[in-house]
Amino acid sequence: MDERSVDFPIAILGAGFGGIGMGIKLLKAGIRSFTIFERAEEIGGTWRDNTYPGAACDVPSHVYSFSFEQKPDWSRAFAGSGEIQQYLLDVVEKWQLRPHIRFGCEIVDAHFDETDGTWTLTTADDESFTARVVVSAVGGLVDPQWPDIKGLHSFAGEMFHTARWNHGYDVTGHRVAVIGTGCSAVQVVPSIAPQVEKLEVFQRTPAWVLPKFDKAYPERTKRAFARFPLLLHALRSFKYWMSELFGPMVFLDAPRLSAIAERESLRFLAQQVKDPALREQLTPHFQFGGKRVMISSDYWKTLERGNVELVTEPIEEIKPLGILTKDGRLHELDAIILATGFDVGLAKAPFHVVGRGGRVLDDVWKDGAVAYKGMTIAGFPNWFTIMGPNTGPGHTSVLVYSEAQMGYALQAIRKLQGGSWKFVDVKQDVQDRYNEGIQKRMKHMVWHTVKSWYLDADGGNHSLYPGYAFEYVWRTRKFKPSEYEIARF
Ligand code: NAP
């Protein structure tokens, strides 16, 4: 145990990929004086919560896993949510992280005290903890977004959100509706279609889909990966660099580049759907990459099944018996599944956070969330965010970014642990210059061309990183004290 860490409490918020990874980074550095606060009763974050049929990663598993905890025996190229959750459970077990985690402990308030350089965290049960450093890893896509549809709660049948699947309800033989056609819907629709009597898919905006090159790994391949870790690393690197190579097609506002991907997607649509009228309804009318591209080899073709109907008529109201569309048709249903996304938290304060001089994070961010490199916020010292503003990827694994953030926070923690530094607070002008650059680049990204969860209500983008992941990793490789105001004891 690092002797210096004894009086240096670190609070990590959230026990999903971000919090677990940060915990491991600290343990690897010999730092044990940390607590992970988790509001739920189990680790896993999004992979604990998203258990809907078909839930899986749409980024290859070898890239969507910690670089420092590679798994040679992924069952397939794109693992299901259960296997990803098991991976996290195994990693937590291996690193004996559980004793560091306080479950059922939701932090609802954080206050910084400049005199002693500590954060006071308060839980929903009014317990208090102090920490010298806070690493917020609360996740961006956590709380389900319930749609604002008239009469939503008047429905007399079963209704639940994909991110809170009701496993006590069997959809078999029932008349089911799925509202929404985003990444969650494209996974759930093909999975339940063969079971239900009738499936109605309510689409507001058709989106781009590309095939998922998924396959099960044969036992001998897994054995080879276990035996020759270099092979595993080579595969991971290959998959990662491929995602970077095709990145500009997904994130740049370059119509000629987008057109290549659009042609591919339309060709795929033609293969999957024979009915020209259905094809027309499914044809997107926004630039490729504007919204997250969906990866599925069976979503489009499922919509041509005899028991599946794509409904494009807007929803007027939800009635006790079903969904009433604007054309006056009542779609009678037994169950409604809301695949309507999340109340996005990438670009907002996780709760009431009060920094230096009483400034409140929600106020500071009222015109859009900004942070230095997405991690540190002027006026909120010793606070590091994993997956903060403008750090989301449109084209590759989020973990590439989060691992960079963990490494950066660790460097700062090491400096602070040295003893004489009370706190580090990123300089306002450094943060401002960085964000001017981000927003200047943002103009060249495709995301402003269509409304999506990537954008704030006023159209600003404070969620995604406008560029390559490797470039973000390069920019965040070094914690530079000169960019921070340093207060000493
Ligand atoms: P989403 O992409 O935000 O999609 C929500 C869907 O619900 C959209 O089709 C939206 O239509 C529709 N919708 C929302 N409110 C509606 C309303 N009032 N009436 C009718 N339709 C409504 O949500 P998601 O599919 O859960 O995905 C969110 C993000 O989670 C993804 O972008 C991705 O980052 C992540 N995710 C990842 C995976 C993975 O495999 N790694 C899987 C699932 C999700 P509009 O398009 O018209 O707004």
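Tutor: Before the first question, a definition: two strands count as paired if DSSP finds at least two bridges between them. The model is a predicted one.

Student: Which residue of strand 6 is the bridge partner of Trp119?
Tutor: Strand 5, residues 118–123, and strand 6 run antiparallel and are joined by 4 bridges. The two strands form a hairpin with 4 residues between them, and Asp126 in the turn has a positive phi of about 70°. Within strand 6, the residue that bridges to Trp119 is Ala131.

Student: Why is the pair of Tyr465 and Tyr472 edge-to-face?
Tutor: A pair of aromatic rings is described by the distance of the centres and the angle of the planes. Ring centres within 6.5 Å make a pair, and planes over 60 degrees apart count as edge-to-face; the count by this rule comes to 30 aromatic pairs. The centres of the Tyr465 and Tyr472 rings are 5.1 Å apart and their planes lie at 65°, so the pair is edge-to-face.

Student: Over the ring of which residue does the charged end of Lys71 sit?
Tutor: One aromatic cluster is formed by Phe17, Trp47, Tyr64, Phe66, Phe68, Trp74 and Tyr87. The charged end of Lys71 is placed 5.2 Å from the centre of a ring, and that ring belongs to Trp74.

Student: How many charged residues are in the lining of the largest cavity?
Tutor: The largest cavity has a volume of about 120 Å³, and of the 17 residues that line it, Ser136, Val138, Gly345, Lys348 and Thr385 are the closest to its centre. By class, the lining of the largest cavity divides into 10 nonpolar and 6 polar residues, while the number of charged residues is 1.

Student: Which elements give two or more residues to the lining of the second largest pocket?
Tutor: The second largest pocket holds about 1100 Å³ of space, and its lining consists of 37 residues, with Leu210, Pro211, Phe213, Phe246 and Ile295 nearest its centre. The elements that give two or more residues to this lining are helix 6 (229–245), helix 7 (247–251) and helix 8 (255–272).

Methods
Residues numbered from 1 in each chain as written. Predicted model: local features only at pLDDT ≥ 70, side-chain atom pairs only at ≥ 80, totals over all residues. Heavy atoms only, no water. Phe/Tyr/Trp six-rings, centres within 6.5 Å; stacked < 30°, edge-to-face > 60°. Lys NZ or Arg CZ within 6 Å of the ring centre and 35° of its normal. 1 Å grid on protein atoms, 1.4 Å probe; cavity = no way out; pocket = protein on both sides within 12 Å on 5 of 7 lines; lining within 4 Å. Points joined across faces, edges and corners; volume = space filled by probe spheres on them. Nonpolar A, V, L, I, M, F, W, Y, C, P; charged D, E, K, R; others polar.
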